[in-house]
Amino acid sequence: MTSEPILEISNLRTVFRVRGREIAAVNGIDLVIRPGETVALVGESGSGKSVTSLSVMRLLARRIGVIDNGSIRFRGKDGKTKDLVTLGEEEMRQIRGNDIGMVFQEPMTSLNPVYTIGDQISESLRVHRRLGRREGVEAAVGLLDKVGIPDARRRAGQYPHELSGGMRQRATIAMALACDPTLLIADEPTTALDVTIQAQILDLMQALQRERGMGMLFVTHNLGVVAEIANRVAVMYAGRIVETGPVAEVFKAPRHPYTMGLLKSMPRLGTASEMKRTGAKLPAIPGMVPSLADLPAGCAFAPRCAFARDACRQAMPALSPVNDHHGSRCIRWQEISA
Amino acid sequence: MTEAPLLSVRGLAKHYQTRGATLKILQDISFDIAKGEVVGLVGESGSGKTTIGRSVLRLIEPSAGAVVFDGADLTKLSGGEMRRRRPRMQYIFQDPYASLSPRMTIGEILTEGLKIQGIGSRAERLERARKALEQVELPPDAINRYAHEFSGGQRQRIGIARALTLAPDFIVADEPVSALDVSIQAQVVNLLRDLQQRLGLTMLFISHDLAVVEYICDRVIVLYLGRIMEIATSEDLYTRPQHPYTQALMSAIPSPDPDAARTREILKGDIPSPANPPSGCVFRTRCPKVLDACAAAVPQLREVAPGHFKACIRDDV
């Protein structure tokens, strides 16, 4: 994929101001997404993955969360590239739901309980494309059909509580895609769903993306889901990207101790009986995620890292290239992966 | 298993009456757990896992059936008789934030059950609390602190310690690691397995995560819409799943292994409503292997290999 990126995040830093203190939830992130490409942001609670996606949409809590450095260059449907960080609220509103579609974790909270599904899906079409009410609802029926909701016309007239969790998430996907965005941001879109429904939704998202050539930023904590849906992955820890590269390469040959630990600590289907026989334990990562308000000096992962040495505790390692498209923020990646 | 099982559930049912409908949450659930055995309950939302866990400890009253624990049918006991047995059976909850009172110190949380049961002096109770903290690998000074001072993983350890202070022989663990981050989940899974083995605990382990269940359980029960679909040892179930629902459930789990086969069977549709479950086999409306006969009668659990049971009329799946 050599086409021009639609999203280019450089050195993004987002801080939260809490009780007179400044806490960096995202601390110097670079990320590029090209058309047709899915990039997964993966990490645990507090790693900064959701704050990154909220920064792109400029949906941070006003006066508390602030983008304090960096740029988010986004190429809209009109082909023009703008820096979302400096854009005014009115211009940003033109982009949300129009150029950038969004899908969140909890479909019940992202849908308004007092409007019908059809109303909510057509809202962005009425706002951005000036469609009338009736045209809007017609379009919504078409979109519901497109995302695999049977009996779309009847469903368009229903309220969110009348739909199952999976159906609701399909409806929010229809909502996000109504205006043909060039970028879809999906923040844990399948986390609240059962596995059989998750499989349906991932399948749907993949098919829709392929058909439309959208770029997708997919935020998740689930490594299995990453392998399923993404081309590239960025692993986040304590506000920074610690490893990034093509999913198959990173998961097969991780070059950062945190990625290695995450992959190993995941119980895998069909391996446990052997582990039980040998008395082996799940290789857990010791300790816990550090508080962002109280990060250790140097590499934030060092206190939990089996490979850490003094140098790791002195300076934050740079993201060093493993090859052209794979990077690791570890000074010892060469030795430890040998 | 020549010994009588520690827990024996027979014909357990739970129905809720709503305006105009009866919700059949559990129907005809029967299984045994031997002493020292860990049995997993897996299934999706609405399958009835938690309802079974709570009915077994009579935290909710079942509509029908018997729960025989160490020879006595718990559903027939009076409140007082039940209370006397409670120390032997404890519950670990899913949400480490909601299940610990923010107004009590960890010491108060850990000794509350002992106090209610009138066990020991204050000093002895605190000693047991300290021992429980040690068992879950938390520092003894945790005793004077409050729940908000701890991370999710530490809180879940406190929840486990609370279950241990009464020295139970049976524990229902309801999604004990589901709310935790991956790196912390492995720590708590290891801890639970360790404690189970060291203390010889008997456990009913409820989870939607099949990989975790495989790791921790000796046998597994697969539920769908309030009915048992399959029962087998975990090794058998994972290497030779016999029920089409179990097979679909396993193939739906995304694997992080880049070389894993990405061809899988995607089940269509949603779990039907318990107000109006399908006739015959409850899974038939989503089953890729469905036959006309599946609608006729509820398939009974039958043994397809030693110790391996399935509720499916087909032999060729």
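This is a predicted model: local features need pLDDT of at least 70, side-chain atom pairs count only at pLDDT 80 or more; totals for chains, interfaces and linings use all residues.
Two residues are taken to be in contact if their C-beta atoms, placed from the backbone, lie within 7 Å.

Chain A is divided into two parts: domain 1, made up of residues 1-99 + 184-293, and domain 2, which covers residues 100-178. Taken over C-alpha atoms, the centres of domain 1 and domain 2 of chain A are separated by 25 Å. Where these domains of chain A meet, 21 residues of domain 1 are in contact with 18 residues of domain 2. On the domain 1 side of this meeting point, the elements of chain A that give two or more residues are strand 7 (183-187) and helix 8 (195-212). Helix 8 of chain A gives the most, with six residues. By class, the side of domain 1 of chain A that touches domain 2 has 13 nonpolar, four polar and four charged residues.

Helix 5 of chain A deserves a look of its own. With 14 residues (133-146) at 1.5 Å a residue, helix 5 of chain A should span 20 Å, and this agrees with its end C-alpha atoms, which are 20 Å apart. Which residues of helix 5 of chain A are buried? They are Gly136(A), Val137(A), Ala139(A), Ala140(A), Val141(A), Leu143(A) and Leu144(A). The cover over these buried residues includes three other helices of chain A: helix 4 (117-129), helix 6 (152-156) and helix 7 (165-177). Just after helix 5 of chain A comes Gly148(A), which takes a positive phi of about 80 degrees.

Technical notes. Residues are numbered from 1 along each chain as its sequence is written. Chains are lettered from A and ligands numbered from 1 in the order in which they are written. Helices (H or I, at least four residues) and strands (E, at least two) are DSSP runs, numbered from the N terminus. The expected span of a helix is 1.5 Å times one less than its number of residues. A residue is buried if 20 or more other C-beta atoms lie within 10 Å of its own, exposed if 12 or fewer, and partly exposed in between; C-beta atoms are placed from the backbone. Domain bounds come from an automatic or database domain assignment. Ala, Val, Leu, Ile, Met, Phe, Trp, Tyr, Cys and Pro count as nonpolar, Asp, Glu, Lys and Arg as charged, and the others, Gly among them, as polar.
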